[in-house]
Protein chains: 2
Amino acid sequence: MSIKIGILGYGNLAKGVESAIQQNEDTELLAVFTRRNPKDLKIRDPKASVHHVDEIEAWKDKIDVLVICGGSATDLPVQTPKYASMFNVIDSFDTHANIPQHFTNVDAAAREAGKVGVISVGWDPGMFSLLRMISDAVLPEGKHYTFWGRGVSQGHSDAIRRIPGVKDARQYTIPVESSVEKVRAGETPDFTIRQQHTRECFVVAEEGADLAAIEEQIKTMPNYFADYDTTVHFISEEELAANHSGLPHGGFVIRSGVTGWEKQNKHIIEYKLKLDSNPEFTGSVLVAYARAAYRLNQEGQSGCKTIFDIAPRYLSAKSDEDLRHTLL
Amino acid sequence: MSIKIGILGYGNLAKGVESAIQQNEDTELLAVFTRRNPKDLKIRDPKASVHHVDEIEAWKDKIDVLVICGGSATDLPVQTPKYASMFNVIDSFDTHANIPQHFTNVDAAAREAGKVGVISVGWDPGMFSLLRMISDAVLPEGKHYTFWGRGVSQGHSDAIRRIPGVKDARQYTIPVESSVEKVRAGETPDFTIRQQHTRECFVVAEEGADLAAIEEQIKTMPNYFADYDTTVHFISEEELAANHSGLPHGGFVIRSGVTGWEKQNKHIIEYKLKLDSNPEFTGSVLVAYARAAYRLNQEGQSGCKTIFDIAPRYLSAKSDEDLRHTLL
C-alpha cells in the first residue's frame, strides 16, 4: 500500500515534489490544493486531482502526508500549524531566525491533533543542517563553514526585478574559491561576508532604462548586495532565456576539526551538492521525509520534528535488512 | 552527570577513543580492560584505571557504555554479543558480509539484557554508510560510488609484512583520479576494481633479501593486490619512520542521481573525509554514538542498532533547542 500524498501550492517546489513522487514506488500523489481556480491549474500527474484549498478538510482521512509548498515569509508560518491540525505535514521553512517559533507553533498543533509535522526540510536547512550537526558532534573541537553556489538565488533575483527599469533578472551566488581552498587545507579563518561569496547578476533592462542607475541600485542594496562584491551584466531577453532559464544550485558544508591527546591531528569533513535543479532536489528530500513523517505517525508519534529528530532508516523505502545488507 | 565509558582493548583505536572522551565534556573514561597484564599497560588518562578483562563483570553497574575495540576477524564476533549481556556496547565491526549475522547475535544478547548494542560504527562502515543510505533515499534513481584514500590500509600493510624478507611495510590505497573525475562530472560508469583504486607500497627489506621476489609476491597476492595496479618502493627503516609513521586516511562517497518528469536533471552528492588519523577519527565517531547508545537505553530501548536506526540528535551533547537554533 502506497503512501498517499497531497501537495499544497503548485510552484516550482511543488512540481519538484510531484516528479519525486513518481520516482518512489511507495508514494502516490492524490491531490494538489491551490488558492487559484482549480480549473486553471494543469498538473503533470494524470492520476491526481486538483482542488481549491478551501476543500482540503474533506481530504483529512484520505491523505497520509500533506507537503506544504508555500513561501517562508508569509505562507508557512500560517499554513504549517493550521494544516498540522488535520494532516501529517512537512514543509521547507527556511527563515533560520524564526525556526524556534515555527517549531513551537507546529508542535502545539500537531500534538493536539496526534499528527507529525516535519519542518525545515530541503538542503539548507535540511541536508546541510544534518551534516553540520553530525560533524559538530563527531568533531566537537572545530569550526564549520557553509558555502552556497554556484547557483541561482531566487530571493536575490526577485530583489533585482523590483528595481524600476528592470524587466527580468537572474542572480548567481558564487563561493570565493580562495576562501574555500583555505578551509579545505585545514585553516580555520574568520571570514567577512565579502570573503565567502560573490554575487553575479544578469539583468534584462527595459528599453531606454538608465543602466548605470540600475547597476548602482543593485550594488548598494542593503543586505542583498551591499556587503558583497557584485558584478552586473546587462543582457538581452533572448540570452537570459537561452543561458539562464535553469535553477541550478549547490554548495558545501565543511567541518574542520582536531583530535588527539595534544590535538595534533586535523580532520576535514566536506559535504558537497551540485544540483541541476534546486526545486527538484528539494522536492526529492521532502518526499523522503514525507515517508518518515507518515511512518513515525503510524508508530504513534506526534508533534513537530526536524531532520535532527528522525532516524535515517525512516527515509528509505528499503527494509532494514536490505539497508544493512547493501548500504552499511 | 557525565556518561561513564569503559574501553575494552588498548590498541590504536582504543587510544583514539580515549582522546575523544577528553574532548567531550559530558563523557568520562572510567576504566580500560585488557587481556594483557594490567600492570604492563600504561594509559594516558590519569583519572581512569586499568583492569584485566576477567574482572569486567564487576563493573556492570558502574559503566554506562563499553566501547569494544577488538578486531573484526575474531574478537568482535565473540566480544560484542558477550558484553552486550552486561553493558550498553558499541563496536566498529567492519566485515561487511558478516554484518547481518553479527546484528542478529548482538540483538539477541542485548534484548535479553535490556541493553543497547550499536554495531559497525566509524567512517566505513559508519559515516560513509549514513551518506550512502540517505543519498539513496533522497535520489532513488541513481548510483553510488565509494572511493577510499589516499590513506594507509592496515590490513594491506600487515599482509606485506607477512612476506619473508620484509621487515616493515606501509600500504597506501589511492583513488584513481580520472575515475573520480568521471563520477564528479555526472557520468555513471561501471568500474572494474583496477579502475577505482591503485595501491602504493613502501617496504623495508631485510638485509640481503631478494627484492624482485618480494615485489613479485606483493603484486600477485590474491584479493589484496593482484586485481590492482600496484607500485612497490623499497626504502630504509629511517625513511619509513620519518615519512610513513602516521595513519592518515579518508575518501569519498558520491551519489549521482537524476530527477524531473523526464529525468532530465542531474544531481551529485559528495561526502569527503580527509583524516590525519584514521583511529582517532573513528574513535571520535564511536564516542558520539556511545552517547547515543546510553541515551537510547535511558529511554528504555534495547537491542542492536546501527547508524541507520539512530536519530542524529542523540549524537550531540547540545540540547535540542540549541541544535535547532545554531545548526539547523
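**Reading the features in turn**

Reply: One residue to start with, in what is a predicted model: B:Lys167 has a relative accessible area of 44% and is partly exposed.

Me: Which side chain meets that of B:Lys167 in a salt bridge?

Reply: The general idea is that side chains of opposite charge can pair when their charged atoms come close. Here the partner of B:Lys167 is B:Glu237, at 3.1 Å from N to O. B:Glu237 is partly exposed, with a relative accessibility of 42%. B:Lys167 lies in strand β9 (residues 166–175) of chain B and B:Glu237 in helix α9 (residues 237–243) of chain B, so the pair ties together parts that are 70 residues apart in sequence.

Me: How many salt bridges are found over all chains?

Reply: The search of the whole structure gives 46. One of them joins A:Lys47 and A:Asp45, with 3.5 Å from N to O. A:Lys47 is exposed at 63% relative accessible area, whereas A:Asp45 is buried at 2%.

Me: Now the two copies. What rotation superposes chain B on chain A?

Reply: In general, two copies of a chain are related by a rotation about an axis and a shift along it. For this pair, the rotation is 180 degrees and the shift along the axis is 0.0 Å, with an RMSD of 0.0 Å. That is the relation of a two-fold axis. In chain B, the C-alpha nearest the axis belongs to B:Ala311, at 1.9 Å. Both copies use the same surface, in that 100% of the contact residues of chain B recur in chain A.

Me: Which residues touch the most other members of the largest nonpolar core?

Reply: The background is that in soluble globular proteins, nonpolar side chains tend to be buried together. The largest nonpolar core here has 161 residues, and those touching the most other members are A:Tyr83, A:Met127, A:Phe281, A:Tyr289, B:Tyr83, B:Met127 and B:Tyr289. Take B:Met127: leaving aside neighbours within four places in sequence, its contacts include A:Ile134 and A:Val138 of chain A, and B:Tyr271, B:Val285 and B:Tyr289 of chain B.

Me: Next, the strands. Which strand pairs with β7(B), and in what sense?

Reply: β7(B) pairs with β12(B) in the antiparallel sense, over seven bridges. Within that pairing, B:Phe147 has B:Phe252 of β12(B) as its bridge partner. Strand β12 (residues 249–259) of chain B is mostly covered, with ten of its eleven residues buried. Eleven bridges also join β12(B) to strand β13 (residues 265–275) of chain B, and these two run antiparallel. There, B:Ser256 is opposite B:Ile268 of β13(B). The hairpin of β12(B) and β13(B) has five residues between the strands, and in it B:Gly260 takes a positive phi near 105 degrees.

Me: Is B:Thr146 buried or exposed?

Reply: B:Thr146 is buried, with a relative accessible area of 11%. Its place is in strand β7 (residues 142–148) of chain B. The side chain of B:Thr146 makes a polar contact of 3.0 Å with that of B:Arg132. Beyond four places in sequence, B:Thr146 touches residues including B:Asp124, B:Phe128, B:His197 and B:Phe252.

Me: Which strands stand at the edges of the open sheet of chain A?

Reply: The sheet has four strands in the order β8-β9-β10-β11 (chain A), with mixed pairing. β8 (151–152) and β11 (229–234) of chain A are at the edges, each with a single partner strand, so one side of each has no neighbour in the sheet. Strand β10 (residues 197–205) of chain A runs parallel to β11(A), joined by six bridges. A:Arg199 is opposite A:Thr230 of β11(A).

Me: Last, a helix. How many residues of α1(B) are buried, and what covers them?

Reply: Helix α1 (residues 12–22) of chain B has eight of its eleven residues buried. Among them are B:Leu13, B:Val17, B:Glu18 and B:Ile21. The cover includes β1 (3–8), β2 (27–34), β4 (65–68) and α10 (278–298) of chain B.

Notes
Residues are numbered from 1 along each chain as its sequence is written. Chains are lettered from A and ligands numbered from 1 in the order in which they are written. This is a predicted model: local features need pLDDT of at least 70, side-chain atom pairs count only at pLDDT 80 or more; totals for chains, interfaces and linings use all residues. Side-chain values use heavy atoms; hydrogens and water are left out. Copies are superposed by least squares on the C-alpha atoms of residues with pLDDT of at least 70 in both. Contact means heavy atoms within 4.5 Å. A salt bridge is a side-chain nitrogen of Lys or Arg within 4 Å of a carboxyl oxygen of Asp or Glu. Buried means under 20% relative accessible area, exposed over 50%, partly exposed in between (1.4 Å probe, protein chains only). A nonpolar core is a set of buried Ala, Val, Leu, Ile, Met, Phe, Trp, Tyr and Cys residues joined through side-chain atoms within 4.5 Å. A polar contact is a pair of N or O atoms within 3.5 Å; within protein, one must be able to donate a hydrogen and the other to accept it, and residues adjacent in sequence count only if both atoms are side-chain atoms. Two strands pair if DSSP finds at least two bridges between them.
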